Amino acid sequence: QVQLVESGGGLVQAGGSLRLACAASGSIYNIDTMSWYRQVSGKQRELVAFVTSADSTNYADSVKGRFTISRDNAKNTLYLQMTTLKPEDTAVYYCHVRALVIDRWFTFWGQGTQVTVSS
């Protein structure tokens, strides 16, 4: 039905930058809120940031001022620009999308992309 393909993760030194992308494809009629979550092994998945269909954004306190979330509606793609990265940002990052498929709303998760920040 709907596939979310993430890219852009990797290994970076503290203070560096990365840009994550999440491309949605499939039988999508509309997309509502798009979000980034992250999870460290053994811990709960936490919300990093989200952007609504009206382009309103919200960030976790831990990333405010360093991360920027954005979306390209024409490409059904979500982005996360991460700057001034810290070792504590190390996690698997997942995109999450609420999408209209035919006549019903569903939520979908990406497969996750690893971000590792070395000190």
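## A buried aspartate

In this predicted model, D89 counts as buried because its relative accessibility is 1%, under the 20% limit for that class. D89 belongs to the loop that runs between strand 8 (77-82) and strand 9 (91-101).

The side chain of D89 is joined to that of R38 by a polar contact of 3.0 Å. Apart from neighbours within four places in sequence, the residues in contact with D89 are R38, R66, F67, T84, V115 and V117.

## The disulfide

A disulfide is a covalent bond between the sulfur atoms of two cysteines. The structure contains 1 disulfide. C22 and C95 form this link, with 2.1 Å between their sulfur atoms. The link of C22 and C95 is right-handed, with 50 degrees about the S-S bond. Because C22 lies in strand 3 (residues 18-26) and C95 in strand 9, the pair ties together parts that are 73 residues apart in sequence. Both C22 and C95 are buried.

In soluble globular proteins, nonpolar side chains tend to be buried together. Here, the largest nonpolar core has 32 residues, of which W36, L80, M82 and Y93 touch the most other members. Elements giving two or more residues to this core include strand 1 (2-7), strand 4 (30-39), strand 5 (46-51), strand 7 (67-72) and strand 11 (113-118). Strand 9 provides the largest share, 6 residues.

Beyond residues up to four places away in sequence, Y93 touches a set of residues that includes L20, W36, R38, F67, L80, M82 and V115. R38 and F67 are also among the contacts of D89.

## Aromatic pairs and charges over rings

The whole structure holds 3 aromatic pairs. One of them, Y37 and W109, is edge-to-face, with 4.9 Å centre to centre and 65 degrees between the planes. Y37 lies in strand 4 and W109 in strand 10 (residues 104-109), so the pair ties together parts that are 72 residues apart in sequence. W109 counts as partly exposed because its relative accessibility is 40%. Another pair, F106 and F108, is tilted, at 6.2 Å centre to centre and 45 degrees between the planes. F106 counts as partly exposed at 26% relative accessibility, whereas F108 counts as buried at 14%.

Y37 and W109 form one aromatic cluster together with Y94. The charged end of R45 sits over the ring of Y94, 3.7 Å from the ring centre. R98 lies over the face of W105, at 4.5 Å from the centre of that ring.

How values were computed
Residues numbered from 1 in each chain as written. Predicted model: local features only at pLDDT ≥ 70, side-chain atom pairs only at ≥ 80, totals over all residues. Heavy atoms only, no water. Helix = DSSP H or I, 4+ residues; strand = E, 2+ residues; numbered from the N terminus. Buried < 20%, exposed > 50% of the residue type's maximum accessible area, 1.4 Å probe, protein only. Polar contact = N/O pair within 3.5 Å; in protein donor to acceptor, adjacent residues only side chain to side chain. Contact = heavy atoms within 4.5 Å. Disulfide = S-S within 2.5 Å. Core = buried A, V, L, I, M, F, W, Y, C linked by side-chain atoms within 4.5 Å. Phe/Tyr/Trp six-rings, centres within 6.5 Å; stacked < 30°, edge-to-face > 60°. Lys NZ or Arg CZ within 6 Å of the ring centre and 35° of its normal.
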